[in-house]
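Q: I'm new to this one. Can you walk me through it?

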Amino acid sequence: MYAYRVLWSLALLALAAAWAAPDFGRWYPYGMALNLAQSHGRVVMVYFHSPHCPYCDQMNTFVLSDPQVSSFLEDRFVVASVDTETPEGQELSRRYRVPGTPTFVFLVFRKGAWEEVGRFFGSRPRAQFLSELRQICAKGGVCE
């Protein structure tokens with residue numbers, strides 16, 4: 001009987017989590033990010049990175065973790081984190097013709113398909129990254 005109650009409680013928690021609002025402050029696996037962006041009308045930023053990439057470390061440390069940048073992303077985007085050294089990351093890197101890391105590919109769901117609305121490659125300063133994100137938002141047409 002106790003095991004049944006535990007299973008029932010876990011099922012209820014899973015159901016509640018599914019109904020809860022998504023946390024756009026976190027980074028999602030690629031497929032989950034696409035689903036969230038489509039259902040919430042957001043741009044997907046696919047962040048291609050590698051654990052051995054010093055430029056990715058620069059972006060993570062000085063740009064993506066900046067409160068202004070992370071707040072802007074959280075308010076308008078769904079971030080998909082793709083490690084290019086995994087099998088899925090290698091396949092996605094080929095599909096999106098990723099020249100190296102870090103690469104940022106921006107996708108919008110339009111007319112039943114995902115459309116690329118922008119991309120950039122390499123590390124850049126925070127101010128430049130924010131400016132480029134604003135341009136992508138305008139081009140994507142789904143950011144407030």
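**Cores, backbone and charged pairs**

A: The largest nonpolar core has 23 residues, and those with the most contacts inside it are Met 45, Leu 64, Phe 77, Phe 104, Phe 106 and Phe 129. A nonpolar core is a set of buried Ala, Val, Leu, Ile, Met, Phe, Trp, Tyr and Cys residues joined through side-chain atoms within 4.5 Å. Buried means under 20% relative accessible area, exposed means over 50%, and partly exposed is in between (1.4 Å probe, protein chains only).

Q: Which helices and strands supply at least two residues of this core each?
A: They are strand 2 (43-49), helix 3 (54-64), helix 4 (67-76), strand 3 (77-83), strand 4 (103-110), strand 5 (113-121) and helix 6 (126-140). Helix 6 gives the most, with five residues. Helices (H or I, at least four residues) and strands (E, at least two) are DSSP runs, numbered from the N terminus.

Q: Before we go on, where do these values come from?
A: This is a predicted model, where local features need pLDDT of at least 70, side-chain atom pairs count only at pLDDT 80 or more, and totals for chains, interfaces and linings use all residues. Residues are numbered from 1 along each chain as its sequence is written, and side-chain values use heavy atoms, with hydrogens and water left out.

Q: Now the backbone. Which residues does a cis peptide bond join?
A: Thr 101 and Pro 102, with omega at about -5 degrees. Pro 102 sits in the loop between helix 5 (87-95) and strand 4.

Q: Why point that out?
A: Most peptide bonds are trans, and most residues other than glycine have a negative phi.

Q: Is Arg 97 buried or exposed?
A: Arg 97 counts as exposed, because its relative accessibility is 59%.

Q: And what about Lys 111?
A: Phi of Lys 111 is near 50 degrees, a positive value in a residue other than glycine. Lys 111 is in the loop between strand 4 and strand 5. At 90% relative accessibility, Lys 111 counts as exposed.

Q: New topic. How many disulfides?
A: The count is zero, taking a disulfide as a pair of cysteine sulfur atoms within 2.5 Å. Cys 53 is buried, with a relative accessible area of 6%. Cys 56 is buried too, at 1%.

Q: How many salt bridges?
A: Five. A salt bridge is a side-chain nitrogen of Lys or Arg within 4 Å of a carboxyl oxygen of Asp or Glu. One of them joins Glu 91 and Arg 95, with the closest N and O atoms 3.1 Å apart.

Q: How far apart are Glu 91 and Arg 95 in helix 5?
A: They are four residues apart, so about one helical turn separates them. Glu 91 is partly exposed at 32%, and Arg 95 is partly exposed at 43%.

Q: What does Arg 124 pair with?
A: Arg 124 forms a salt bridge with Glu 132, the closest N and O atoms being 2.5 Å apart.

Q: Are those two buried or exposed?
A: Arg 124 and Glu 132 are both buried.
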